[in-house]
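Subject: Structure handover, with notes on the aromatic rings

Hi,

Here is the structure I promised to pass on. Please open it alongside this email, and then read on for what turned up.

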Amino acid sequence: MTLKAAIFDWDGTITDSNGIKTEAFVELFQNTCPQAAGYIREYQQNRGGISRFEKFRHYIRHFFHREASAAELEDFGWRYAVLCRQKLLNAPFIPGAVETLRKLSCAKIPVFIVTGSPATEIRELAAARNLLPLIHNIYGSPRTKDVLLAALLAENRLVPEETVFFGDAPTDCEAARINKIPFVGICPGGKASPFPPHTTVVSTIDLNI
């Protein structure tokens, strides 16, 4: 079947930036909770693709045994963005990602980003790195990825089987499964696959167009 659209996560799929975000969570919590670092690093390993605000809520429950207030979440979100921004602008690209985006653009196959980050933030990063002209649209939090994918398919009148979703986290794989979208897992640098058996897994993004 002809490919009509390609969908990508951002962190860990376009840019090698998951570590940057993990360390930002550590920095936010370790001063008030010295044991936070180890727990956060372990928790983050298989929690890619989830909104940072859901993670803030979880960490506050876990470390402080209470619910986060709206003001507290807003403050954490602002400080987190400040900690990450410059480092994200300099994060290396996942092998093959930019080349694949350019190939898709030349083939006139629209590219979509579906991310656990706010869409405005990813749009700014893509613009700063000269990738925005290659991207048709960006879908982001607070909606979950399964909901975002469903909206993307409906709004763009796409058939799931005529798309492909590249992602680096089990949440990406599960969101694709729910929406019946073919999925390709990204595991750069020889990392162990976090995906279910029989998932297509690659270390370098490439599409034969």
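First, a definition: a charge sits over a ring if NZ of Lys or CZ of Arg is within 6 Å of the ring centre and within 35 degrees of the ring normal. Please keep in mind that this is a predicted model.

With that in hand, have a look at Arg79: its charged end sits over the ring of Phe76, 4.9 Å from the ring centre. The charged end of Arg129 is placed over the ring of Phe93, with 4.1 Å to the centre.

Now for the rings themselves. Searching the whole structure gives 20 aromatic pairs. Take Tyr39 and Tyr43: their ring centres are 5.9 Å apart and their planes lie at 20°, so this pair is stacked. Both belong to helix α2 (residues 36-44), where being 4 residues apart separates them by about one helical turn. Tyr39 is partly exposed, at 24% relative accessibility, while Tyr43 is buried at 16%.

Tyr43 also pairs with Tyr59, this time edge-to-face, with 5.4 Å from centre to centre and 65° between the planes. Because Tyr43 lies in helix α2 and Tyr59 in helix α3 (residues 52-64), the pair ties together parts that are 16 residues apart in sequence. Both Tyr43 and Tyr59 are buried.

These tyrosines are part of one aromatic cluster: Phe25, Phe29, Tyr39, Tyr43, Phe53, Phe56, Tyr59, Phe63, Phe64, Phe76 and Tyr80. Phe76, the ring under the charged end of Arg79, is therefore a handy place to start looking at the cluster.

Best wishes

Methods
Residues numbered from 1 in each chain as written. Predicted model: local features only at pLDDT ≥ 70, side-chain atom pairs only at ≥ 80, totals over all residues. Heavy atoms only, no water. Phe/Tyr/Trp six-rings, centres within 6.5 Å; stacked < 30°, edge-to-face > 60°. Helix = DSSP H or I, 4+ residues; strand = E, 2+ residues; numbered from the N terminus. Buried < 20%, exposed > 50% of the residue type's maximum accessible area, 1.4 Å probe, protein only.
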